[in-house]
Every structure is written in C-alpha cells, then in structure tokens.
Amino acid sequence: MTTTSNADTLSAAQQAIVPIAAFAAAGDIAKLNTALNHGLDAGLAVSDAKEVLVQLYAYAGFPRSLNALGELMKVVEARKQRGVKDAPGRAPSRPIPKGDALLAAGTANQTKLSGAPVQGPLFDFAPVANEYLRTHLFGDIFERDNLDWQSREVATVSMLAALAGVESQLQAHIRISMNVGLSARQMQQLGQVLADRVDADSARRAREALARHLATQPAG
C-alpha cells in the first residue's frame, strides 16, 4: 500500500490500521475481528492487514502476532464464503537481502527512520539486542516495500499506545513517525481514532507522547 494521505489527514486505510494494530497488540481477538472486517470494508488490502500483523511480533511478541494472523485468516475465509471479494494486495517488489547485506540494509533503515545512528548504554550492555532490531525489524520487515513506512509507523504507534509500560518506545516512535513525514495533525487524528474506536487509555498515551514530542520542537 502507498499512502494517499495529505498533511492534515490520515488516509482511510491508515485510519483502519489504527484499531487493527491496537486490538491485535492488546490481544483482544473479538474486537480485532470487528476491526479487520471494518478495515477490509474500507478498502484495506488483505496483504496490508497481513503486513501489520506480522510486524506486530516485534512489539507484542509472536503469540499475539500469530493469534492475530489466525484471526485474519478466519475473517478473510468467512468473507469469501459470503461472496465478498477483498483486494489481495501485493507482495514486496524486491527480494529481501540475506546475511551481512540484511544487517547493512537494516542498519541503514534504522538510521534513516531514527534520524541518526542508534546507539547508547543499553546497546553497549546488550549489543545483540540492537543487532536483532537491525536484522529482524528494520531489515526483514522494513525492507518489505508493500506497506509504506508511514503506514508501518501508524501501526507501531497504535500497537504501543495499546500497551501499558512501553512509554519510552512509544515516545521514540512518535518521533520516528514525524521523521518519515507524518504531520502533527495526522498524529492528533491517530489519537482521535484511538479514542473513538479503541479506548481512552490508548488515546491518552498517544496524545501525551505527541505533546511531549511537540514540546521539544523549535517554535515556528
């Protein structure tokens, strides 16, 4: 999927991603079912939803990712049985690199998303953690170009907002979201979608993280 949003508004597909990502991260399968149906009705391709739920493993673990993918599979099959023809979407346009080339690509992606090389005491203490981030998350996942980076960050912020105790990671991804071109208005809209379609706590966490980020930015 390529985003069709403008500087003020998330695209319909991006808005649909918000509750899908949040309910999947929270492990609320019943509400995820509803969100998936609404998202597919809104024009989200099956491959877009699949990409979001695969990416979930990096933030909420494989169990919730696999459970959410299983629910998507059930939803798609049930819709097919009702005669609904959902757009399949597309596969990545290029092969994913392997070995050292994957680490190099992931490191480049991580640096571009973050705005600077990612380092610090935590990764000095446990360097393998950053290697996993670079190869698995920023390499294997972010090299897949069938879901654009803005939409991936919409998904990530929604996932992290749905989880208590990950405020520092949510804060980082608010910044990354704006690094990849999402505007303050779009992030405010993300918070409103969380408030309207997920829950007040998720919305509050997203809004507070955005407010903290904006408070650090130069005026004008």
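The legends below describe close-up views of a predicted model.

View 1. The buried positions are Val-46, Ser-47, Asp-48, Ala-49, Glu-51, Val-52, Leu-53 and Gln-55. These buried residues pack against helices H1 (12–26), H2 (29–41), H4 (57–60), H5 (62–81), H8 (127–141) and H9 (149–161).

**View 2. Val-52 in the largest nonpolar core.** The largest nonpolar core holds 54 residues, and of these Val-52 and Leu-194 touch the most other members. Helix H1 provides the largest share of this core, with nine residues. When neighbours within four places in sequence are left aside, the contacts of Val-52 are Ile-17, Ile-20, Ala-21, Leu-147, Ala-155 and Met-159. Val-52 is also one of the buried residues of H3.

**View 3. The crossing of helices H1 and H11.** The axes of H1 and of H11, which covers residues 184–197, come within 9 Å and cross at roughly 60°, and the two helices are therefore oblique to each other. The crossing in which H1 passes H11 is right-handed. On the H1 side, the residues that meet H11 are Gln-15, Ala-16, Val-18, Pro-19, Ala-22 and Phe-23, while H11 contributes Gln-189, Leu-190, Val-193, Leu-194 and Arg-197. Sorted by class, the residues of this contact comprise eight nonpolar, two polar and one charged. Leu-194, named here on the H11 side, is one of the two residues that touch the most other members of the largest nonpolar core.

**View 4. The pairing of helices H9 and H10.** The axes of H9 and of H10, which covers residues 167–179, come within 9 Å and cross at roughly 160°, which makes H9 roughly antiparallel to H10. The crossing of these two helices is left-handed. Six nonpolar, four polar and one charged residues make up the contact of H9 with H10.

**View 5. The crossing of helices H10 and H12.** The axes of H10 and of H12, which covers residues 200–215, come within 9 Å and cross at roughly 60°, an angle that makes H10 oblique to H12. H10 passes H12 in a crossing that is right-handed. From H10, the residues Glu-167, Leu-170, Gln-171, Ile-174, Arg-175 and Met-178 meet Arg-205, Ala-206, Ala-209, Leu-210, Arg-212, His-213 and Leu-214 of H12. This contact of H10 with H12 contains seven nonpolar, two polar and four charged residues.

**View 6. Leu-40 in helix H2.** Leu-40 lies in helix H2 and is buried, with a relative accessible area of 6%. Not counting residues up to four places away in sequence, Leu-40 touches Ala-45, Val-46, Val-75, Val-76, Arg-79 and Asp-86. Val-46, one of these partners, is also among the buried residues of H3. From C-alpha to C-alpha, Leu-40 and Leu-133 are 30 Å apart in space, and they are 93 residues apart in sequence.

**View 7. Gly-61 in the loop between H4 and H5.** Gly-61, placed in this loop, is partly exposed, with a relative accessible area of 22%. Gly-61 and Gln-189 are 128 residues apart in sequence, and their C-alpha atoms are 27 Å apart in space.

Methods. Residues are numbered from 1 along each chain as its sequence is written. This is a predicted model: local features need pLDDT of at least 70, side-chain atom pairs count only at pLDDT 80 or more; totals for chains, interfaces and linings use all residues. Side-chain values use heavy atoms; hydrogens and water are left out. Buried means under 20% relative accessible area, exposed over 50%, partly exposed in between (1.4 Å probe, protein chains only). Helices (H or I, at least four residues) and strands (E, at least two) are DSSP runs, numbered from the N terminus. Contact means heavy atoms within 4.5 Å. Axes are lines fitted to C-alpha atoms, for helices over the stretch in contact, and angles run from 0 to 180 degrees between N-to-C directions. Angles under 35 degrees count as roughly parallel, over 145 as roughly antiparallel, 65 to 115 as roughly perpendicular and the rest as oblique. A crossing is left-handed if the near helix is turned anticlockwise from the far one by less than a right angle, and right-handed if clockwise. Ala, Val, Leu, Ile, Met, Phe, Trp, Tyr, Cys and Pro count as nonpolar, Asp, Glu, Lys and Arg as charged, and the others, Gly among them, as polar. A nonpolar core is a set of buried Ala, Val, Leu, Ile, Met, Phe, Trp, Tyr and Cys residues joined through side-chain atoms within 4.5 Å.
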